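Below is a short note on the model you sent.

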Amino acid sequence: MARRRFVEISACFSAKWRCAPAGLMDMMRAMHISPEHPMLAAVVDDLATHGWSRQALFLPGELVRALAAECRRRDAEGELNPAGVGRGVTQEVREAIRGDQIQWIDPGQAEACDQYLSAMDQLRLAINQGLFLGLEDFECHFALYPPGAFYRRHLDRFRDDDRRMVSAVLYLNEGWQPQDGGQLRMFLADDVALDVEPVAGCLVVFLSGEVPHEVLPAGRERLSLTGWFRRRGNDPF
Ligand code: OGA
Ligand code: MN
């Protein structure tokens with residue numbers, strides 16, 4: 001199924017590609033990502049029925065490679081920082097809990113990131129149309145796990161802020177093998193564990209407050225883009 005959807009996307013992509021050596025912008029336009037796209041509809045369906053979804057080939061390899069290159073560039077320029085645990089003034093770096101290095105993404109920094117943000121905005125609209133979650137924005141960061149790093153079991157919710165509703169992780173690792181470790185382990189109903197390999201192009205989406213999960217130690221560097229769709233806060237006007 002996922003394969004078929006990818007073929008649909010890559011078919012319109014390659015038709016465009018033959019006419020003009022396009023940039024990422026043209027590639028995304030050729031993909032025709034709208035909230036009605038079958039792959040987005042499948043994510044919404046999965047979320048409604050199981051609370052999670054996995055799309056093996058969410059984006060074209062070209063864009064995934066550009067995102068991986070951007071993550072490596074930021075790492076080479078020293079822009080990634082050890083991730084914290086918690087939020088605001090209570091945030092601290094605790095390598096016994098998580099050992100990844102991160103940098104938040106803002107619009108206008110890199111074309112590949114902008115394309116990713118625009119695809120995720122379509123997913124946000126699709127989720128709102130299908131599930132009425134009232135998602136207002138999407139925040140996301142690059143994450144680099146050096147060999148041996150992990151992230152212990154947790155929920156993607158802060159004790160003092162429950163705006164994060166849906167988590168989405170896009171993996172950027174070409175040639176990842178099961179023996180490389182680094183799986184995302186989700187604990188589903190009855191605490192049944194389900195492992196996902198962090199293979200390039202794969203997108204995992206799950207309900208932030210309901211799916212405990214962890215990142216197993218990886219034997220090689222592991223790159224991803226991790227983000228959260230958030231609903232409006234309850235602050236007074
Ligand atoms: C996180 C997280 C999962 C992954 O950053 O909160 O759980 O597979 N990431 O990278
Ligand atoms: Mn998490």
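Which strands does helix α4 (residues 61–76) lie across? The answer is in point 3.

1. Basis. This is a predicted model, in which local features need pLDDT of at least 70 and side-chain atom pairs count only at pLDDT 80 or more, while totals for chains, interfaces and linings use all residues. Residues are numbered from 1 along each chain as its sequence is written, ligands are numbered from 1 in the order in which they are written, and side-chain values use heavy atoms, without hydrogens and water.

2. Sheet. An open sheet is formed by 7 strands in the order β1-β9-β6-β11-β4-β3-β2, with antiparallel pairing. Strands are DSSP runs of E of at least two residues, helices runs of H or I of at least four; two strands pair if DSSP finds at least two bridges between them.

3. Helices. Helix α4 lies across β3 (101–104), β4 (135–145), β6 and β11, at about 65 degrees to β4. Angles run from 0 to 180 degrees between N-to-C directions, with axes fitted to C-alpha atoms, for helices over the stretch in contact (heavy atoms within 4.5 Å).

4. Metal site. The manganese ion (ligand 2) has His154 (NE2), Asp156 (OD) and His213 (NE2) as protein donors, 2.1 Å from it. Aspartate 156 is in the loop between β5 (151–154) and β6 (164–171) and histidine 213 in strand β10 (residues 213–215), so this pair ties together parts 57 residues apart in sequence. Donors are N, O and S atoms within 2.8 Å of the metal (3.2 Å for Na, K and Ca); water is not among the atoms, so the site may look incomplete. Both aspartate 156 and histidine 213 are buried, that is, under 20% relative accessible area with a 1.4 Å probe, protein chains only.

5. Aromatic cluster. Tyr116, Phe138 and Phe229 form one cluster. Rings of Phe, Tyr and Trp (its six-membered ring) pair if their centres lie within 6.5 Å; planes under 30 degrees apart are stacked, over 60 edge-to-face, the rest tilted. The rings of phenylalanine 138 and phenylalanine 229 have centres 4.6 Å apart and planes at 40 degrees, so this pair is tilted. Phenylalanine 138 is in strand β4 and phenylalanine 229 in strand β11, 91 residues apart.

Conventions:
Buried means under 20% relative accessible area, exposed over 50%, partly exposed in between (1.4 Å probe, protein chains only).
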